[in-house]
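Q: I would like to learn how to read features in a structural model. Can we work through one together?

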Amino acid sequence: MKYSIEGEPLPVVICQLEQNEKMITEKGAMSWMSPNMKMETVGGGVGKMFGRMFSGESMFVNHYTAMGGPGEIAFASSFPGAIRAFDISPGRDMICQKTAFLASTDKVEFSVHFQKKVGSGLFGGEGFIMQKLSGSGVAFVEFDGYIKEYNLAPGQSIVIDTGYLAAMDATCSIEIQKVPGVKNMLFGGEGVFNTVVTGPGRVLLQSMPIGQMAGTLIPYLPAK
């Protein structure tokens with residue numbers, strides 16, 4: 001499979017498949033394709049179906065296979081931002097924000113990632129449930145806005161405001177940190193808790209979380 005990512009800040013990933021190569025996508029992710037791409041909607045078992053539902057995705061996924069020769073299929077981002085390709089292999093799992101998964105080759109496994117500390121899930125900005133990508137292959141993930149990547153050394157941490165954590169290596173850990181001082185919490189405008197990610201591993205931060213953008217636009221929307 002060959003691919004190109006084009007068109008940021010409204011990106012699309014265009015994939016060129018060999019005969020019988022298969023891709024997995026979320027419901028509604030396909031933008032265009034060659035006529036020989038065969039689609040099949042599958043659930044993959046009750047456990048996986050409910051896992052996808054709890055992580056904010058559809059209970060079903062679509063499989064697209066190139067039949068009778070090479071095929072082309074494209075997947076577009078649903079929000080201005082970036083599409084990133086990750087090479088997934090044993091020991092190189094990725095943890096992503098909810099609804100980030102766009103498409104992958106068929107050997108990549110999608111599952112629910114429960115954060116170990118309940119506090120991290122309740123106050124860390126991305127919810128108690130995140131997405132885990134494992135297995136082997138290439139996964140395409142969509143993020144909101146510009147993406148800044150950091151490589152954290154063992155024990156090195158970064159403090160992140162709510163919603164700005166896009167993805168991280170599974171080797172990283174998440175905790176929460178209360179904003180110091182009552183005045184800071186009440187009047188600082190940064191909320192009560194921050195997310196703290198500790199290495200080793202990569203951390204990807206997004207500049208325009210869709211939730212943050214929605215909150216900014218609400219005061220300007222007409223009242224019902």
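Q: What should I know about the model and its numbering?

A: This is a predicted model: local features need pLDDT of at least 70, side-chain atom pairs count only at pLDDT 80 or more, and totals for chains, interfaces and linings use all residues. Residues are numbered from 1 along each chain as its sequence is written, and side-chain values use heavy atoms, with hydrogens and water left out.

Q: Are lysine 132 and aspartate 93 buried, partly exposed or exposed?

A: Read the relative accessible area: buried is under 20%, exposed over 50%, partly exposed in between (1.4 Å probe, protein chains only). Lysine 132 is partly exposed at 26%. Aspartate 93 is buried at 18%.

Q: Which residues does serine 134 touch?

A: Contact means heavy atoms within 4.5 Å. Serine 134 also lies in strand E12, and is buried at 13% relative accessibility. Leaving out residues up to four places away in sequence, serine 134 touches Ile88, Asp93, Lys107, Val108 and Glu109.

Q: How many salt bridges does the structure hold?

A: The structure holds 3. One of them joins the side chains of arginine 84 and glutamate 149, at 3.9 Å from N to O. Arginine 84 sits in strand E8 (residues 81-88) and glutamate 149 in strand E14 (residues 147-152), so this pair ties together parts 65 residues apart in sequence. Arginine 84 is partly exposed at 27%, and glutamate 149 is partly exposed at 32%.

Aspartate 169 and arginine 202 form another, with the closest N and O atoms 3.0 Å apart. Here strand E16 (residues 165-169) is linked to strand E19 (residues 201-206), across 33 residues. Aspartate 169 is buried at 15%, and arginine 202 is buried at 18%.

Q: Which residues touch the most other members of the largest nonpolar core?

A: In soluble globular proteins, nonpolar side chains tend to be buried together. A nonpolar core is a set of buried Ala, Val, Leu, Ile, Met, Phe, Trp, Tyr and Cys residues joined through side-chain atoms within 4.5 Å. The largest core here has 17 residues, and Met94, Leu133, Phe143 and Leu204 touch the most other members. E8, E9, strand E11 (108-114), strand E13 (137-144) and E16 each supply at least two of its residues. A separate core has 15 residues, among them Cys15, Met23, Ile73 and Phe75.

Q: Where is confidence lowest, and where is it highest?

A: Check pLDDT, the predictor's confidence in each residue, from 0 to 100. The chain has a mean of 83, and 79% of its residues reach 70 or more. Confidence is lowest in helix H3 (residues 182-187), at a mean of 46, and highest in strand E2 (residues 12-17), at 98. Over residues 182-189 pLDDT stays under 50, and the model has 7 contacts beyond four places in sequence for them. Where pLDDT is low, the predicted coordinates should not be read in detail.

Conventions: Salt bridge = Lys/Arg side-chain N within 4 Å of Asp/Glu carboxyl O. Helix = DSSP H or I, 4+ residues; strand = E, 2+ residues; numbered from the N terminus.
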